[in-house]
Amino acid sequence: MTTPRPIPRLLLDDTPFRRDLEVRLWGRVCKLGDEACWEWTGAKFHWGHGFINHRMGGRQFKWMVHRLVYAWEYGDPWPLVIDHLCGNTCCVNPLHLQAVKIGRAHV
């Protein structure tokens with residue numbers, strides 16, 4: 001698991017960067033209902049968490065999709081990690097995500 005980093009305001013505020021990222025991200029999510037897991041169908045790290053690439057300022061970044069979704073719904077959780085309450089590391093349903101101190105998250 002990687003150490004979380006703060007999400008830039010550019011991706012949290014209503015900006016063209018965020019809107020572009022949201023369109024790309026939600027296009028790779030399979031929602032089967034409000035209460036069910038929302039499965040990430042895009043690229044995944046070898047430990048199972050989904051990620052999306054995004055270019056900013058000439059640099060390429062990988063963002064963990066569950067962290068982005070959590071941040072868009074509740075605010076940037078940094079320095080906390082996101083625990084999948086459902087146990088599904090591909091899930092991005094904000095109802096299934098919880099910010100916790102490092103060491104308590106499920107991997």
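Student: In this predicted model, are Phe-45 and Trp-47 buried or exposed?
Tutor: The model is a predicted one. Buried residues have under 20% relative accessible area. Phe-45 falls in that class, and Trp-47 does too. The term asked for is therefore buried.

Student: Are the rings of Phe-45 and Trp-47 stacked or edge-to-face?
Tutor: The ring centres of Phe-45 and Trp-47 are 4.6 Å apart, and the planes meet at 5 degrees. Planes under 30 degrees apart count as stacked. The pair is therefore stacked.

Student: Which residues do ring pairs link into a cluster?
Tutor: Phe-45 and Trp-47 form a ring pair. Ring pairs join these two and one further residue into a cluster. Its members are Phe-45, Trp-47 and Phe-51.

Student: What is the geometry of the aromatic pair formed by Trp-26 and Trp-38?
Tutor: The structure holds five aromatic pairs. In the pair of Trp-26 and Trp-38, the centres are 6.0 Å apart and the planes stand at 75 degrees. Because planes over 60 degrees apart count in this class, the geometry is edge-to-face.

Student: Which elements does the pair of Trp-26 and Trp-38 link?
Tutor: The two residues are twelve positions apart and belong to distant parts of the chain. Trp-26 is in a helix and Trp-38 in a strand. The elements are helix α2 and strand β2.

Student: Why does Trp-26 count as partly exposed?
Tutor: Buried requires under 20% relative accessible area and exposed over 50%, with partly exposed in between. Trp-38 is buried at 10%. Trp-26 counts as partly exposed because its relative accessibility is 29%.

Student: The charged end of which residue sits over the ring of Trp-38?
Tutor: The ring of Trp-38 also pairs with that of Trp-26. A charged end sits over the Trp-38 ring, 4.2 Å from its centre. That charged end belongs to Lys-31.

Student: Which element supplies the largest share of the largest nonpolar core?
Tutor: This core has 18 residues; Ile-7, Leu-25, Trp-40, Ile-52, Trp-63, Leu-68 and Val-92 touch the most other members. At least two residues come from each of α1, α2, β2, β3, β4 and α3. The largest share, five residues, comes from α3.

Student: What is the relative accessible area of Arg-18?
Tutor: Arg-18 lies in helix α2. Its contacts beyond four places in sequence are Leu-10, Leu-11, Leu-12, Asp-13 and Trp-72. Arg-18 is buried, since the limit is under 20%; its relative accessible area is 16%.

Technical notes:
Residues are numbered from 1 along each chain as its sequence is written. This is a predicted model: local features need pLDDT of at least 70, side-chain atom pairs count only at pLDDT 80 or more; totals for chains, interfaces and linings use all residues. Side-chain values use heavy atoms; hydrogens and water are left out. Helices (H or I, at least four residues) and strands (E, at least two) are DSSP runs, numbered from the N terminus. Buried means under 20% relative accessible area, exposed over 50%, partly exposed in between (1.4 Å probe, protein chains only). Contact means heavy atoms within 4.5 Å. A nonpolar core is a set of buried Ala, Val, Leu, Ile, Met, Phe, Trp, Tyr and Cys residues joined through side-chain atoms within 4.5 Å. Rings of Phe, Tyr and Trp (its six-membered ring) pair if their centres lie within 6.5 Å; planes under 30 degrees apart count as stacked, over 60 as edge-to-face and the rest as tilted. A charge sits over a ring if NZ of Lys or CZ of Arg is within 6 Å of the ring centre and within 35 degrees of the ring normal.
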